[in-house]
Amino acid sequence: MTSDKPSQAGPYVSGSAAAGRFWTQLSSLSLSAQFLIAASLIVFGLMAGVGMFAAAQVEKAALNAAGTAGAVRMQTLIAPLIESTPNGDIHFDDALQKKVAALIGQGPPGQKIRNIKIWASDGRQLFPADSVNYEPVVFDELAEALSGETVVSRTSVAKHEYSEEETSEPLLEVYAPLVRSADGTVLLAGEIYEESYILEAQIADTRRTSMI
């Protein structure tokens, strides 16, 4: 026995049918209307691209500025603490370790120094003292710092061994020459970890403004 009750299911329109209907309606518009729609899509895409490019350039400039500021911090705070012997040897005794460790935590809110590492030219990590037994490795960023360049990066990109604290927070890494010999050769490179809350907020605000 069949029921005469009408079906409650509504009409089904497949995706291809809907797309076909859209193109049919679009083709029925005047040429000027079609041109206006196409031009609007192109302009929107171009402006979105320009906005993303501008935001990327601003972020790059902000990171470079942070790197320069970090290098200045190293030269003014850390380098004066390090003394070398007449033959160029540098000894990281307990007194020097304590002086460098005392710098950790300094700085304005949102830009404090969270950690410091000092590297020898052969890839040995001389500071902190509990890391002197790590296997020497000259990774790319350290190699650039030893060549005289300043490099700024984030701890979200692994380069060497990190602590859990260093990877769980938004920190900037700044690598820069720390001590040079008389002929200009970089003997020690410094690495500082800085809070980047203020910088990241500024970059996010600039990115939003650029896109708007």
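What share of the contacts in the chain between residues at least 6 apart in sequence join residues at least 24 apart? The share is 58%, where contact means heavy atoms within 4.5 Å. The structure is a predicted model, in which local features need pLDDT of at least 70 and side-chain atom pairs count only at pLDDT 80 or more, while totals for chains, interfaces and linings use all residues. Residues are numbered from 1 along each chain as its sequence is written, and side-chain values use heavy atoms, with hydrogens and water left out.

**Overall architecture**

- The chain has six helices and five strands, taken as DSSP runs numbered from the N terminus (helices: H or I, at least four residues; strands: E, at least two).
- Along the sequence, these elements follow the pattern α-α-α-β-β-α-β-α-β-β-α.
- Of the 212 residues in the chain, 32% are buried, where buried means under 20% relative accessible area, exposed means over 50%, and partly exposed lies in between (1.4 Å probe, protein chains only).

**Packing of helix 2 and helix 6**

- Two packed helices are described by the angle between their axes and the distance between the axes.
- Helix 2 (residues 31-78) and helix 6 (residues 197-211) have axes that come within 8 Å and cross at roughly 160 degrees, the axes being lines fitted to C-alpha atoms over the stretch in contact, with angles from 0 to 180 degrees between N-to-C directions.
- That angle makes helix 2 roughly antiparallel to helix 6, since angles over 145 degrees count as roughly antiparallel, under 35 as roughly parallel, 65 to 115 as roughly perpendicular and the rest as oblique.
- Helix 2 contributes A48, G51, M52, A54, A55, V58, E59, A62, L63 and A66 to the contact, and helix 6 contributes L199, I203, T206, R207, S210 and M211.
- By class, this contact of helix 2 with helix 6 has eleven nonpolar, three polar and two charged residues, where Ala, Val, Leu, Ile, Met, Phe, Trp, Tyr, Cys and Pro count as nonpolar, Asp, Glu, Lys and Arg as charged, and the others, Gly among them, as polar.
- M52, in helix 2, counts as exposed at 52% relative accessibility, and its C-alpha is 7.4 Å from that of R207, although M52 and R207 are 155 residues apart in sequence.

**The two sides of helix 3**

- Helix 3 (residues 94-101) has L96, Q97 and V100 buried.
- Seen down the axis of helix 3, these buried residues fall within an arc of 100 degrees, so they line one face of the helix; the arc is that of the directions from the helix axis to the C-beta atoms.
- On the other side of helix 3, D94 and K98 are exposed, whereas the cover over the buried residues includes strand 1 (113-120) and strand 2 (125-127).

**K112 and E194**

- K112 lies in the loop between helix 3 and strand 1 and is partly exposed, with a relative accessible area of 31%.
- E194 lies in strand 5 (residues 186-195) and counts as buried at 7% relative accessibility.
- E194 and K112 are 82 residues apart in sequence but 5.6 Å apart in space, C-alpha to C-alpha.
- Leaving aside neighbours within four places in sequence, K112 is in contact with G105, Q106, G107, Y193, E194 and E195.
- With residues up to four places away not counted, E194 touches residues including A66, G70, R73 and K112.

**A cis peptide bond**

- F127 and P128 are joined by a cis peptide bond, with omega about 5 degrees, and P128 lies in the loop between strand 2 and helix 4 (140-146).
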